[in-house]
Amino acid sequence: MQPFTTHTGTVAPLRRSAVDTDQIIPAEYLKRITRTGFEDGLFVAWRRDEPDFVLNQPQYAGASVLVAGPDFGTGSSREHACWALLDGGFRVVISSRFADIFKNNSTKSGLLTVVLPQAEVEALWDAAEADPATPVTVDLRERRVTHGGRAVPFEVDDYTRWRLLEGLDDVGLTERHLADVEQYEARRPAWLPQVLPAR
Amino acid sequence: MPKTLAEKVYDAHVVRSTAGEPDLLYIDLHLVHEVTSPQAFDGLRAAGRTVRRPDLTMATEDHNVPTLDVLSPIADPVSRAQVDALRRNAAEFGIRLAPMGDRDQGIVHVIGPQLGLTQPGTTIVCGDSHTSTHGAFGALAFGIGTSEVEHVLATQTLPQYRARQMSVTVDGELPEGVSAKDVILAVIAQIGTNGAAGHVIEYRGSAIEALSMEARMTICNMSIEAGARAGLIAPDETTVEFLRGRPHAPQGADWDAAVAHWRTLRTDEGAVFDTEVVLDAASLTPFVTWGTNPGQGLPISGSVPDPASLADEGERRAVEQALAYMGLTPGTPLREIEVDTVFLGSCTNGRIEDLRTAAALLRGRRIDAGTRMLVVPGSVGVKLQAEAEGLDRVFTEAGAEWRGAGCSMCLGMNPDQLQPGERSASTSNRNFQGRQGKGGRTHLVSPSVAAATALTGKLTAPADLADVPAGV
Ligand code: SF4
């Protein structure tokens with residue numbers, strides 16, 4: 001996973017609530033078996049059908065910080081939604097509320113999800129609409145979003161922050177505790193379900 | 001301290017707990033399908049890792065599989081490549097796979113319970129958000145992303161944080177023609193599509209206890225549509241009887257030990273829920289959605305809402321966007337909405353009881369001439385059972401199409417898709433834009449509303465059929 005420390009970029013203001021993962025990337029784009037190349041499916045229906053859609057506007061073409069309405073990422077568990085955003089050039093998504101699985105997936109794939117109050121989301125929308133070139137800095141070390149002289153703190157737990165700063169892979173971390181896993185397995189009752197042998 | 005059922009199951013699976021780090025949770029059963037697993041297996045290979053517990057891992061083909069001509073190779077080369085990748089990975093890593101054509105094949109959340117692998121008090125994960133279905137047995141079951149699939153394959157554990165606890169209590173008796181689907185759609189409309197974020201929901205109350213296992217699965221299945229991490233129901237005699245004699249249920253002395261343990265799996269008296277929601281079963285009616293998320297639903301007696309009546313700008317915009325996509329006019333009675341296609345199936349409502357309910361309404365009647373109806377059993381097991389009961393003939397004689405098992409038009413990764421602008425009444429779980437096919441418009445309904453709608457060509461409650469003659 002690519003480490004995340006601090007990122008400066010411009011904002012794509014997505015004035016929609018409850019953006020579900022079927023909108024971020026529809027099912028037909030999930031058939032790829034590699035981990036990259038998902039940018040073609042990113043918001044594809046809105047890109048195709050809605051000329052005013054934010055990513056169809058040239059002034060937002062280079063944006064790397066997506067700022068969306070509440071309840072971003074509801075629906076399917078597809079991590080492809082995070083990969084599509086990363087492949088589409090985004091490093092950060094800001095919203096007042098995320099769906100759990102999406103937020104969890106983002107921390108595994110190196111996409112930073114930042115929760116800010118809706119008033120701050122509106123301020124970012126207004127700033128990006130007034131001047132699409134407005135730079136925003138998202139600093140994970142300092143847990144702070146800065147734009148136009150405003151510095152807004154955000155919360156992230158120490159453990160997640162450390163993993164993201166280091167770009168660490170969870171499997172490697174868990175393998176350090178293999179002895180605990182073995183001890184747990186020795187205590188499991190014999191009647192628990194077993195897939196093999198097939199019956 | 002008194003604990004909730006979900007807390008008990010969680011605590012029993014903590015491998016390691018250290019301040020400032022997530023807990024490490026043991027996973028009893030890992031279900032795998034072709035869409036969210038290929039990159040996880042690639043990750044294992046790249047790191048030279050193996051699957052730690054193939055004996056606790058089960059794979060099936062469901063999302064991409066065609067429902068016609070199921071014994072031929074898949075025609076779409078991209079779908080075929082994904083299914084082939086699963087077959088190669090299962091063979092290489094020693095995982096049991098139920099491929100197309102196999103007796104055990106079906107939607108991942110239908111086959112787990114059917115095989116008796118889904119058991120009370122266990123932890124179950126799958127790279128699929130509707131893993132919450134298995135909570136109907138009193139399991140802690142939740143959907144994960146592909147990085148986590150890789151983590152579970154490699155270690156049989158997952159780093160987790162404790163969830164908050166929510167109770168949804170439904171007391172009283174459900175009126176005739178009102179089903180589990182209507183209950184859960186009403187719950188989601190009340191708390192919102194992400195209203196249960198961060199929570200595990202326990203469904204309780206006399207109306208829940210009266211439900212069959214199939215109906216409980218319908219409810220737990222859609223917990224994710226309220227944003228919950230998981231949803232569960234305490235096991236009882238209904239649960240025990242469902243599992244008795246299933247292929248992978250415990251046997252002999254093991255069965256007795258397991259049942260004794262299952263009987264302890266209840267929320268303690270005095271346990272505290274962070275959030276409590278209460279519904280009166282007797283007040284519920286058939287529910288249908290009008291919008292583009294599962295929280296945008298109303299009783300079928302209602303009308304399409306008017307965005308102009310909403311004070312909040314964000315809400316107004318959301319309703320306007322939904323109605324524009326759905327091609328609906330504010331004030332239209334929901335019963336006047338004409339549908340082109342009815343889809344009966346999915347992990348929400350593709351089980352035998354759902355097919356029986358719909359067949360009972362269709363028996364001796366013909367579906368509307370301008371409407372097509374697709375009936376897709378959730379698994380090969382469900383299909384064989386339905387055929388043994390003659391339900392397939394009821395459907396075909398009514399003019400519906402009887403298909404092979406899979407996810408099908410729930411998400412249209414196979415050829416079963418809506419055309420742009422086509423409108424469906426669907427027993428699945430998501431009415432998101434384009435979910436059933438580009439530009440397709442979805443109304444979520446129960447199996448009995450689906451059948452009634454197929455007969456009239458408009459959204460219809462089963463009780464409305466009194467004046468539609470049954471031909472025989
Ligand atoms: S039936 Fe639909 S919701 Fe269920 S697993 Fe398949 S695609 Fe997902």
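Tutor: In chain B, the centres of domain 1 and domain 2 lie 24 Å apart, taken over C-alpha atoms. The domain assignment, automatic or from a database, gives domain 1 as 5-275 and domain 2 as 333-464. Contact between them, meaning heavy atoms within 4.5 Å, takes 37 residues from domain 1 of chain B and 35 residues from domain 2 of chain B. The two domains bury about 2,700 Å² between them, 58% of it on carbon and sulfur atoms; buried area is the accessible area (1.4 Å probe) that two parts lose on being put together, summed over both. On the domain 1 side, T67(B), I107(B) and K181(B) supply 24% of the area buried against domain 2, more than any other three residues. The rule finds one salt bridge across this interface, where a salt bridge is a side-chain nitrogen of Lys or Arg within 4 Å of a carboxyl oxygen of Asp or Glu.

The ligand belongs in this picture. Its shell draws at least three residues from each of the two domains of chain B. The residues around the ligand, each with a heavy atom within 4 Å of it, include I107(B), H109(B), C407(B) and R435(B).

The model is predicted: local features need pLDDT of at least 70, side-chain atom pairs count only at pLDDT 80 or more, and totals for chains, interfaces and linings use all residues. Side-chain values use heavy atoms, without hydrogens and water, residues are numbered from 1 along each chain as its sequence is written, and chains are lettered from A and ligands numbered from 1 in the order written.
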